Amino acid sequence: MKSIKYGDTVGVFSEDGRYRLDIGTVAMKMNTPADHDSWATRFIVKRITEGRDPEMDFTPVYPQDLVGIFSENELWRLDIGTRAMKKDTLADHDTWATRLVIRRLNGESSGDVCYGHVVGIFTEDGRYRLDIGTGAVKKNTPSTHDTWATRLRIRGPDPIVHVKYEGIDYDLEHAQILE
């Protein structure tokens, strides 16, 4: 599977895929302008494992990876549930505020998004960014808070959110029987 790249349009989803991050006012208290730079807008993506493996630092992030998104100072983390957000946003909610781009803030923003890089998470058009401070969310979430809403997956372009099987039509008049 292809790794997540800087500049890819991505979505941030709950571990079970039912919910997603919306950085607009559907879920947040305010839209945070892209030029706002603070502890609450600078992040490190960490792979969620039983014990943190330092060998994982600076390796690529893949869509199947279970991750946490932490503040650069590692005191706080992103929570997409109602502890921090105004409401839970369903995974099929697809808007300007859910189509996101990750940019590296401590180096060149090209190639693979890697664990340990300091990043910002921005809207696809570059006008707004994720902010986990209390100006934008209801409550700061400590880095130790571990729930469905903090265990996340970053998925690349056009993630399949729901598939519904409705049946198959056969044209039996023109079918061939193979022997």
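What follows is a chat about labels and the cut-offs behind them.

Guide: Quick ground rules: this is a predicted model, where local features need pLDDT of at least 70, side-chain atom pairs count only at pLDDT 80 or more, and totals for chains, interfaces and linings use all residues. Residues are numbered from 1 along each chain as its sequence is written, and side-chain values use heavy atoms, with hydrogens and water left out.

Visitor: What makes aspartate 65 count as buried?

Guide: Buried means under 20% relative accessible area, exposed over 50%, and partly exposed in between (1.4 Å probe, protein chains only). Aspartate 65 has 2% relative accessibility, so buried is the word.

Visitor: And why is aspartate 146 called partly exposed?

Guide: Because its relative accessibility is 46%. Glutamate 15, at 30%, is partly exposed too, and arginine 47 gets that label with 34%.

Visitor: How do you know that aspartate 65 and arginine 47 form a salt bridge?

Guide: A salt bridge takes a side-chain nitrogen of Lys or Arg within 4 Å of a carboxyl oxygen of Asp or Glu. For aspartate 65 and arginine 47 the N to O distance is 3.3 Å, so the pair qualifies. Aspartate 65 sits in the loop between β2 and β3 and arginine 47 in strand β2, so the bridge ties together parts that are 18 residues apart in sequence. Strands here are DSSP runs (E, at least two residues), numbered from the N terminus.

Visitor: Which residues do salt bridges that share partners join into one network?

Guide: Glu15, Asp146 and Arg151. Glutamate 15 and arginine 151 have their closest N and O atoms 3.1 Å apart. That pair links distant parts of the chain: glutamate 15 is in the loop between β1 and β2, arginine 151 in the loop between β5 and β6, 136 residues apart. Aspartate 146 lies in the loop between β5 and β6, and a polar contact of 3.3 Å joins its side chain to that of arginine 151. A polar contact is a pair of N or O atoms within 3.5 Å; within protein, one must be able to donate a hydrogen and the other to accept it, and residues adjacent in sequence count only if both atoms are side-chain atoms.

Visitor: Last one: how many residues has the largest nonpolar core?

Guide: It has 32, and Leu21 is among those with the most contacts inside it. A nonpolar core is a set of buried Ala, Val, Leu, Ile, Met, Phe, Trp, Tyr and Cys residues joined through side-chain atoms within 4.5 Å.

Conventions:
Helix = DSSP H or I, 4+ residues; strand = E, 2+ residues; numbered from the N terminus.
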